Amino acid sequence: MKKEKYLKGLIYIVVVVLLNVAGATLFFRADLTKNKVYSLSDASIEAVKNLSEPLTINVFFSEDLPAPHNTTEKYLADLLEEYALNANRYFNFRFYPIGGDIETNPTSKRNAELAGSYGIRPVSIQMVESDEVKVKTAYMGLVVIHGDLIERIPAITSTEGLEYKLTMAMMKLGNKISTLLSLDGKIEADLYLSRSMAEVAPLMGLKDLHDLPNRVEAAVTKISRRSYDRLTFNRFDPQTTEEKQTLAERYGVLQLGWPDLSGGKIKAGSGIIGMVMRYGDKSVTIPILEVNRIPLFGTQYKLMTDQEMEEAVGGAVESLIDINEKVGYLTSNGTAPRFDRNPANPMAPGTSALNNFSATLSRNYAVSDVDLKADGIPEDINSLIIAGAKETFTDYDLFRIDQALMAGKNVAVFVDAFKEMQNPNPQMAFMQPSTYTPVRTGLDKLLAHYGVRVQSAYIMDENCYKQNLPRRMGGGQQNVYFAPIIENDTINHDIPFMNNIKGLVTLKAAPVIVDEKTVTEQNLSAATLFSTSERSWLKERNISLNPMFLKPPTDAASFASRPVAAMVEGSFTSYFKGKPIPEKPAPATPEGEEAKQPENKAAAISQAGAVIEHGKPARLIVVGSLDMLTNSLFDEQGESANATFVMNLMDGLNGREGIAVMRSKKQRFNPIDKVPDSVKTPVKAFNIVGLPLIVALFGMAVYFKRQSRRKTIRAMFQ
């Protein structure tokens with residue numbers, strides 16, 4: 001029996017070992033999260049499944065990192081394993097650990113030097129040790145190598161959006177390779193350095209200026225080798241005043257001037273120093289000399305380091321060749337400028353500026369400015385953004401937009417329904433607040449033809465942003481009714497790029513109404529993207545956006561849910577079907593000159609087929625709030641729910657819905673579903689009274705069962 005017991009124990013151990021061995025090779029994974037947070041998105045799987053050249057990811061991480069950074073490396077390793085499981089044979093990754101004293105540990109020193117060669121530098125992180133907050137430097141980055149190109153993620157301090165960053169880096173490299181190989185000609189890297197600069201360089205603290213051409217050429221050569229030898233280096237020595245002035249005006253190259261110096265040993269003169277990258281008719285200026293004016297210390301000059309120069313040249317190459325898909329942004333007709341400054345603080349953008357949106361958009365797309373008054377809409381853009389137009393669209397302007405939509409280009413319109421006229425006297429602003437007049441641009445008739453109507457009104461909502469009041473104003477919270485909060489149940493999750501959006505905040509929004517009859521007549525499909533709550537109402541006249549003067553209406557019939565954004569898609573019918581092509585407005589005549597009417601000998605010639613009457617499949621999205629793009633609602637990092645919605649919308653317009661799903665599947669903003677009061681009270685009562693009562697009843701049942709068992713046993717032995 002003793003031998004049998006040992007044998008059974010040995011068999012159990014063998015079975016457990018075999019099960020673990022089988023589990024290491026034969027296993028499956030199940031992601032039970034709703035948004036599949038721990039599974040790769042379809043876009044990520046496609047990115048690694050269709051690799052045609054080797055792609056390697058080298059990860060550089062310090063060992064023994066404090067929490068929460070110690071879990072970041074583990075998450076990254078699991079994520080790369082997931083990529084490897086879905087990839088073809090061209091995908092590889094490797095971890096290079098860096099630990100202990102780098103100077104005394106040969107392996108760590110070699111890995112740190114390799115990381116530095118890729119531009120991965122250590123970052124500073126905080127850690128608590130022996131009740132003290134200390135700062136530690138650590139390597140937490142990776143580099144993606146595809147062909148001759150590299151893409152860095154220098155600091156991975158969080159797992160937030162890590163899959164998105166990795167997949168976008170891989171896709172970016174793939175696009176860059178195909179674009180570089182298809183270039184017609186080479187990218188010119190021109191260094192402009194006047195010979196006269198050598199005389200004043202020692203006075204500027206630039207003792208190594210003479211070596212600058214060699215350093216720039218080395219940086220260009222290094223980037224060229226990584227870019228399939230598509231760069232060529234040129235050096236120029238501008239000497240005449242006209243040359244220097246032309247370069248300063250055309251490219252913004254830094255021009256310096258000086259009087260007689262060092263007792264007349266250095267004669268008065270001027271010089272040019274700067275670098276220009278050119279391809280075709282596009283150019284990017286690289287300021288290789290940095291000028292800093294520091295109080296008490298005066299003006300200081302600093303040349304770019306070799307690493308900074310390589311990064312600047314690489315970034316300029318990407319800007320010149322447009323590796324991302326092109327998006328057009330309308331700059332005419334009084335639209336909101338993409339970049340703006342705060343008049344009160346010129347060093348910082350205002351809350352009504354579009355700087356954050358524009359910067360985030362430029363990281364994902366190649367943005368082209370579109371001027372309807374000049375060149376019209378380029379053929380190579382995929383979509384067009386019209387943001388807050390204030391000036392009238394001529395029929396010819398509308399014709400250009402209409403024909404772009406007919407050609408299959410998608411259009412996104414962000415409406416600013418009213419023009420605000422502020423009181424020029426800030427001291428009287430409280431007594432005489434801003435006035436609001438409806439914006440009439442003529443674009444509304446074009447939208448109405450496609451089945452979308454924007455109402456001239458602001459939506460107010462009881463379910464809105466709550467402003468915390470200071471103590472001097474009594475404290476508490478004040479409802480900002482013109483800033484409705486969009487709940488999860490009023491968001492249309494049937495649309496893929498809206499699927500993971502759980503909540504939004506709007507500001508000064510106008511109702512966007514879909515005309516079902518018009519949509520049906522044109523065989524289009526339409527959907528509302530999101531709406532306000534049932535406790536919202538409209539403010540159409542006598543508008544004042546001072547929260548102190550806004551009150552909900554007393555009439556219950558005034559309350560209803562209002563749509564804020566809508567999408568119409570399909571093959572549109574042209575607004576100009578059966579109409580002649582509108583005349584292009586004549587150029588403005590200079591003041592004092594008489595307009596001359598040229599003889600039009602071709603007026604008698606008729607045209608046919610010049611208007612596309614039935615278009616290719618396209619999408620039109622109308623959002624009733626321009627403020628969705630402003631800095632007040634679009635954060636600088638582009639990670640808020642509002643920013644995610646806007647960028648998902650852009651992805652939806654450009655056929656990248658897989659990217660949109662990947663970006664938004666791990667949302668920080670995940671509010672719980674609202675429960676009505678009629679449900680809350682019974683649930684609370686059950687939790688407070690019901691659960692203890694159930695436990696007590698269960699305990700009593702167990703007690704009586706044991707008593708019955710005792711009686712039964714006692715009766716058996718009596």
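A charge sits over a ring if NZ of Lys or CZ of Arg is within 6 Å of the ring centre and within 35 degrees of the ring normal. The views below come from a predicted model.

**View 1. Lys579 over two rings.**
Lys579 lies over the face of Tyr575. The distance from the ring centre is 3.8 Å. Phe576 also has the charged end of Lys579 over its ring. Here the distance to the centre is 5.9 Å.

**View 2. Tyr450 and Phe572, an edge-to-face pair.**
The structure holds 17 aromatic pairs. One of them joins Tyr450 and Phe572. Their centres are 5.3 Å apart, and 75 degrees separate the planes. The pair links distant parts of the chain. Tyr450 belongs to helix H12 (residues 443-450), whereas Phe572 belongs to strand S28 (residues 563-573). The two residues are 122 residues apart. Tyr450 has a relative accessible area of 2%, so Tyr450 is buried. Phe572 counts as buried because its relative accessibility is 0%.

**View 3. Trp537 and Phe559, an edge-to-face pair.**
The ring centres of Trp537 and Phe559 lie 5.8 Å apart. Their planes meet at 75 degrees, so the pair is edge-to-face; the cut-off for this class is over 60. Trp537 sits in strand S27 (residues 536-539). Phe559 sits in the loop between S27 and S28. Trp537 counts as buried because its relative accessibility is 6%. Phe559 has a relative accessible area of 12%, so Phe559 is buried. The cut-off for buried is under 20%.

**View 4. Helices H5 and H9 packed together.**
Two packed helices are described by the angle between their axes and the distance between the axes. Helix H5 covers residues 162-181, and helix H9 covers residues 306-321. Their axes are 11 Å apart, at an angle of about 70 degrees. H5 and H9 are therefore roughly perpendicular to each other, a class that runs from 65 to 115 degrees. The crossing of H5 past H9 is left-handed. On the H5 side, the contact is made by Lys172, Lys176, Thr179 and Leu180. On the H9 side, Gly314, Val317, Glu318 and Ile321 take part.

Conventions. Residues are numbered from 1 along each chain as its sequence is written. This is a predicted model: local features need pLDDT of at least 70, side-chain atom pairs count only at pLDDT 80 or more; totals for chains, interfaces and linings use all residues. Side-chain values use heavy atoms; hydrogens and water are left out. Rings of Phe, Tyr and Trp (its six-membered ring) pair if their centres lie within 6.5 Å; planes under 30 degrees apart count as stacked, over 60 as edge-to-face and the rest as tilted. Helices (H or I, at least four residues) and strands (E, at least two) are DSSP runs, numbered from the N terminus. Buried means under 20% relative accessible area, exposed over 50%, partly exposed in between (1.4 Å probe, protein chains only). Axes are lines fitted to C-alpha atoms, for helices over the stretch in contact, and angles run from 0 to 180 degrees between N-to-C directions. Angles under 35 degrees count as roughly parallel, over 145 as roughly antiparallel, 65 to 115 as roughly perpendicular and the rest as oblique. A crossing is left-handed if the near helix is turned anticlockwise from the far one by less than a right angle, and right-handed if clockwise. Contact means heavy atoms within 4.5 Å.
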